[in-house]
Amino acid sequence: MRAVMPPPVLFRRLLALPTPLRVRTFSVLNRPQPNYPGHVPLTYIEKAALAVGSAFGSLRDPYRHDLIASLGEATANPYFLPRLHRAMLSDPTGRRILRDKPRITSQSMRLEELRKMDDGTVGRAYAAWLDREGVTPDTRDAVKYIDDPEEAYVMQRYRETHDFTHAITGLPVIIEGELAVKAFEFANTLLPMTALSLVAVVRLKPVERKRFWDIYLPWALRNGLKAEELINVYWEEELETNVDVLRARLGIEAPPDLREIRKVERDKRKAEKAAVESLRNA
Amino acid sequence: MSTFAPQAAKRLRLSLPATTRQWTCRACAQQRAAFSSTSRSSEQQTTDRKSTRDEGTTHFGFSTVAESAKASRVGAVFSSVASSYDTMNDLMSLGIHRLWKDHFVRSLNPGIRPAFAPSGEPRGQKILDVAGGTGDIALRHLDHATNINRDSHTSVIISDINPDMLAEGQKRFKQSPYNRDGRVSFLEANAEDIHTIESNSIDLYTVAFGIRNFTHKDKALREAFRVLKPGGVFACLEFTPNLSNPVLNAIYKRWSFAAIPLIGQIVAADRDSYQYLVESIERFPTQREFMGMIKEAGFLIPGERGDGQEHVGWEDLSAGIAAIHKGVKPA
């Protein structure tokens with residue numbers, strides 16, 4: 001019994017396609033060896049199913065950051081993650097980051113030391129933001145579904161520096177703030193997950209949604225396009241830079257302080273309620 | 001076919017040929033897996049090979065681990081899946097697991113009809129449900145005994161090695177009348193050593209979807225033999241490594257290895273535990289081999305005739321996705 005072989009010309013043409021588009025030669029019963037620790041090679045159908053499942057899952061429960069992560073990984077190829085990788089390779093600092101491959105964890109970013117830094121520095125702003133929002137650098141999931149190890153690092157770096165983006169823009173970790181940061185990241189990195197996560201705007205309250213359309217979305221798109229690629233910022237070296245100086249260098253305007261706006265609105269509503277109560281009791 | 005075109009055979013081969021597979025766990029560890037393992041397993045293999053040269057090794061899914069480590073690794077898996085266990089079962093089997101469990105309990109017919117009970121004090125049956133943490137089988141036993149056989153004295157001991165799974169079971173039974181009447185009790189124990197249960201004291205020993213996780217299945221079978229009364233019944237509901245129909249088997253295998261870990265990732269945020277679950281199904285002995293193990297422990301297999309003519313000593317469910325094995329302790 002002869003094994004059936006595909007015609008040689010077609011086979012060669014298929015092999016000549018760029019890596020992400022090359023026809024899969026494995027089935028789920030015979031996965032290839034992982035390319036890096038934690039790597040899980042997926043077939044196209046699995047990636048598509050993961051993308052759809054993660055999209056709906058994270059819409060239902062926005063606290064499932066692991067689903068947002070897997071949505072990002074499932075939709076990053078064929079074009080978008082390699083584009084980001086190329087953007088890193090075209091910049092000298094980006095190339096240094098790719099050579100050093102630094103990781104941001106609670107060990108590499110010691111909060112106690114960051115808190116001691118001068119006011120107005122990136123490190124202080126980062127520590128202050130982490131404390132204010134009650135998060136740590138350890139909450140980022142490891143990249144699993146990207147096949148190329150270097151692209152996997154680019155994705156991991158994007159994920160780990162997301163908090164720095166929050167820190168220098170000052171946007172809080174509530175859904176409103178996250179959506180503004182995601183819109184900014186879409187304009188800056190072009191990753192499809194950032195655009196897809198904007199669907200969560202349907203979960204905002206009407207007053208929040210109006211704020212998003214009027215203030216934060218225009219700010220995000222304008223600044224994301226205008227700014228330098230944030231993936232190329234060597235944050236570990238910028239910890240002592242002044243935040244305003246860094247923002248000016250990158251070309252980012254500070255957005256209106258979202259927590260302040262919300263506080264003012266909350267106080268106004270409380271004052272109005274108190275006024276109505278006192279009128280009723282009078 | 002493997003001699004003519006090894007590559008094609010490797011791609012088409014859906015499982016190791018039966019002749020090379022033995023149900024002794026140690027032998028599995030020495031075989032190269034037909035399927036690629038997850039990266040965690042390949043890391044585990046290098047570290048374990050160094051440290052466990054003297055100690056026995058066994059399989060954990062497709063990885064090889066020290067025997068002493070398997071129970072805690074399995075423990076970690078089940079602690080992780082405990083809270084979403086029922087939801088995940090529904091998703092993985094498309095709800096069919098409920099039909100399997102219903103049929104399993106119904107075919108065992110727990111409980112003694114009052115008309116057939118021996119005269120004097122109604123005793124009811126003592127049932128032991130092993131690896132039954134979340135209590136879904138135990139609840140079925142009690143419901144069947146109480147409602148179908150009108151036996152309100154039958155009691156169930158739910159045993160599980162994992163306290164988180166037992167906690168889920170306790171939650172399930174909290175408001176139930178069985179709890180009030182003391183007809184259900186919970187025991188945290190390793191099925192290989194349930195010394196707190198006296199020998200010859202159990203009427204019915206059931207284990208559903210648990211035995212494939214045991215480090216030493218033969219020890220568990222011997223314990224089952226010990227605690228059962230003469231004439232007592234051992235019943236096991238478990239997944240099988242292969243379906244009888246090769247086309248269905250191909251589809252089923254692809255569903256197991258692609259969809260189930262994916263559902264685990266999306267619903268339970270835990271791909272690795274569900275990858276372990278499907279790999280552990282793959283590692284389980286075939287129905288015939290498992291029947292052999294049950295016989296070795298001393299049980300008589302119903303359906304086998306003494307004249308040597310072997311009838312099927314197990315019951316396949318859903319084209320062989322799961323199977324019910326039964327054994328009777330000789331009087």
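Predicted model: local features only at pLDDT ≥ 70, side-chain atom pairs only at ≥ 80, totals over all residues.
1. Asp163(A) counts as buried because its relative accessibility is 2%, and buried here means under 20%. Asp163(A) sits within helix α8 of chain A, which runs over residues 149-169. Leaving aside residues up to four places away in sequence, Asp163(A) has contacts with Tyr126(A), Trp129(A), Leu130(A), Thr136(A) and Arg140(A).

2. Glu178(A) deserves a look of its own. This residue belongs to helix α9 of chain A, residues 175-189. Beyond residues up to four places away in sequence, Glu178(A) touches His162(A) and His166(A), as well as Pro172(A) and Val173(A). With His162(A) there is also a side-chain polar contact of 3.2 Å.

3. Now for the backbone of chain A. Most residues other than glycine have a negative phi, and most peptide bonds are trans. Where does chain A have a cis peptide bond? The bond from Asn77(A) to Pro78(A) is cis, and its omega is near 10 degrees. Pro78(A) is placed in the loop that links α3 (65-75) to α4 (80-89) of chain A.

4. Two residues, one in each chain, have a phi to check on your screen. Lys101(A) is not a glycine, yet its phi is positive, near 45 degrees. You will find Lys101(A) in the loop between α5 (92-100) and α6 (111-115) of chain A. In chain B, Ser318(B) also has a positive phi in a residue other than glycine, near 50 degrees. Ser318(B) is in the loop between β8 (314-317) and β9 (322-328) of chain B.

5. Thr121(A), in the loop between α6 and α7 (122-133), is buried because its relative accessible area is 8%. Apart from residues up to four places away in sequence, Thr121(A) touches Leu239(A), Glu240(A), Thr241(A), Asn242(A) and Val243(A). Pro62(A), in the loop between α2 (44-60) and α3 of chain A, is partly exposed, with a relative accessible area of 24%. With residues up to four places away in sequence left out, Pro62(A) touches Ile68(A), Ile175(A) and Arg203(A). From Pro62(A) to Met155(A) the C-alpha distance is 20 Å, across 93 residues of sequence.

6. Trp255(B) comes from helix α11 of chain B, residues 246-268. Trp255(B) counts as partly exposed because its relative accessibility is 32%, and patches are made of residues with over 30%.

7. Stepping back to chain A as a whole, its secondary structure consists of 13 helices and zero strands. The C-alpha atoms of chain A fill a box of roughly 95 × 45 × 30 Å along the principal axes. Of the 282 residues in chain A, 45% are buried. Among contacts in chain A with a separation of 6 or more, 68% are between residues 24 or more positions apart.

8. Chain B has 13 helices and nine strands. Of its 331 residues, 54% count as buried. In chain B, 74% of the contacts between residues at least 6 apart in sequence join residues at least 24 apart. The accessible surface of chain B is about 15,200 Å², with 54% belonging to carbon and sulfur atoms.

How values were computed: Residues numbered from 1 in each chain as written. Chains lettered and ligands numbered in written order. Heavy atoms only, no water. Helix = DSSP H or I, 4+ residues; strand = E, 2+ residues; numbered from the N terminus. Buried < 20%, exposed > 50% of the residue type's maximum accessible area, 1.4 Å probe, protein only. Contact = heavy atoms within 4.5 Å. Polar contact = N/O pair within 3.5 Å; in protein donor to acceptor, adjacent residues only side chain to side chain. Areas by Shrake-Rupley, 256 points an atom, 1.4 Å probe, with all protein chains shown as cover.
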